[in-house]
Amino acid sequence: QVQLVESGGGLVQAGGSLRLSCAASGSIFSINAMGWYRQAPGKQRELVAAITSGGRINYTDSVKGRFTISRDNVKNTVYLQMDSLKPEDTAVYYCKVVVLTTTLRLNEYWGQGTQVTVSS
């Protein structure tokens, strides 16, 4: 089994910054893609940013130039540095990790979600 623990959400004023972390642990052989999604009230969950094991990164257009995704392969952790936050960034943020388990199964796992609220 694989567990994900997210941290770093909170309340911040517009223009401020937050850093999210998501640490994976458990029956991990290797980690493929890692990413962050968000879901605002009444909206569908959307991809915010993703990073592959090879370091290829993509961002949704609305966060380009403001958010930075990174990963620490030793700590099995993915980060999302969020700068110049806007009220429309308010959402629950979820990490998703694609894991090759020690039983050689390729599974995806979701974090529990962390609330990010940006006040105007």
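Predicted model: local features only at pLDDT ≥ 70, side-chain atom pairs only at ≥ 80, totals over all residues.

Author: Four strands make up an open sheet here, in the order E1-E3-E8-E7, and the pairing is antiparallel. The strand labels are DSSP runs of at least two residues (helices, H or I, would need at least four), numbered from the N terminus. Two strands pair if DSSP finds at least two bridges between them.

Residues are numbered from 1 along each chain as its sequence is written, and side-chain values use heavy atoms, with hydrogens and water left out.

Back to the sheet and its order, E1-E3-E8-E7. Strand E1 (2–7) and E7 stand at the edges with a single partner strand each, so one side of each has no neighbour in the sheet. Averaged over the sheet, neighbouring strands are turned by 15° against each other, direction ignored; the axes behind that are lines fitted to C-alpha atoms (for helices, over the stretch in contact), with angles running from 0 to 180 degrees between N-to-C directions.

Now the individual pairings. E3 and E8 are antiparallel and share 6 bridges, with Ala23 standing opposite Thr77 in E8. E7 and E8 also pair in the antiparallel sense, over 6 bridges, and there the partner of Asp72 in E8 is Thr77. E7 and E8 make a hairpin with 4 residues between them, and Asn76 in the turn has a positive phi of about 55°.

Buried means under 20% relative accessible area, exposed over 50%, and partly exposed in between (1.4 Å probe, protein chains only).

What about the core? In general, nonpolar side chains of soluble globular proteins tend to be buried together. The largest nonpolar core has 30 residues, and Trp36, Leu80, Met82 and Tyr93 have the most contacts inside it. Such a core is a set of buried Ala, Val, Leu, Ile, Met, Phe, Trp, Tyr and Cys residues joined through side-chain atoms within 4.5 Å. Elements giving two or more residues to this core are E1, E3, E4, E5, E7, E8, E9 and strand E11 (114–119), and E9 gives the most, with 5 residues. Zooming in on Met82, its contacts (heavy atoms within 4.5 Å) include Leu18, Leu20, Arg66, Phe67, Tyr93 and Val116, leaving aside residues up to four places away in sequence.

The model has 1 disulfide, meaning a pair of cysteine sulfur atoms within 2.5 Å. Cys22 and Cys95 form it, with sulfur atoms 2.0 Å apart. Cys22 lies in strand E3 (residues 18–26) and Cys95 in strand E9 (residues 91–101), so the bond ties together parts that are 73 residues apart in sequence. The link is right-handed, with 50° about the S-S bond, and both cysteines are buried.

Follow E9 and you reach strand E4 (residues 28–39): 9 bridges join the two, antiparallel, with Val99 as the partner of Ile31. E4 is also joined to strand E5 (residues 46–51) by 5 bridges, again antiparallel, and Tyr37 has Leu47 as its partner. E4 and E5 form a hairpin with 6 residues between them, and Gly42 in the turn has a positive phi of about 75°.

Finally, the charges. There are 5 salt bridges, each a side-chain nitrogen of Lys or Arg within 4 Å of a carboxyl oxygen of Asp or Glu. Arg66 and Asp89 form one of them, with the closest N and O atoms 2.7 Å apart. Arg66 sits in the loop between strand E6 (57–59) and strand E7 (67–72), and Asp89 in the loop between E8 and E9, so the pair ties together parts 23 residues apart in sequence. Arg38 meets Asp89 as well, at 3.0 Å, N to O. Arg38 lies in E4, so this pair ties together parts 51 residues apart in sequence. Arg38 is buried at 5% relative accessible area, and Asp89 is buried at 1%. Arg38, Glu46, Arg66 and Asp89 are linked in a network of salt bridges. Asp61, which forms a salt bridge with Lys64 at 2.9 Å, is exposed, at 61%.
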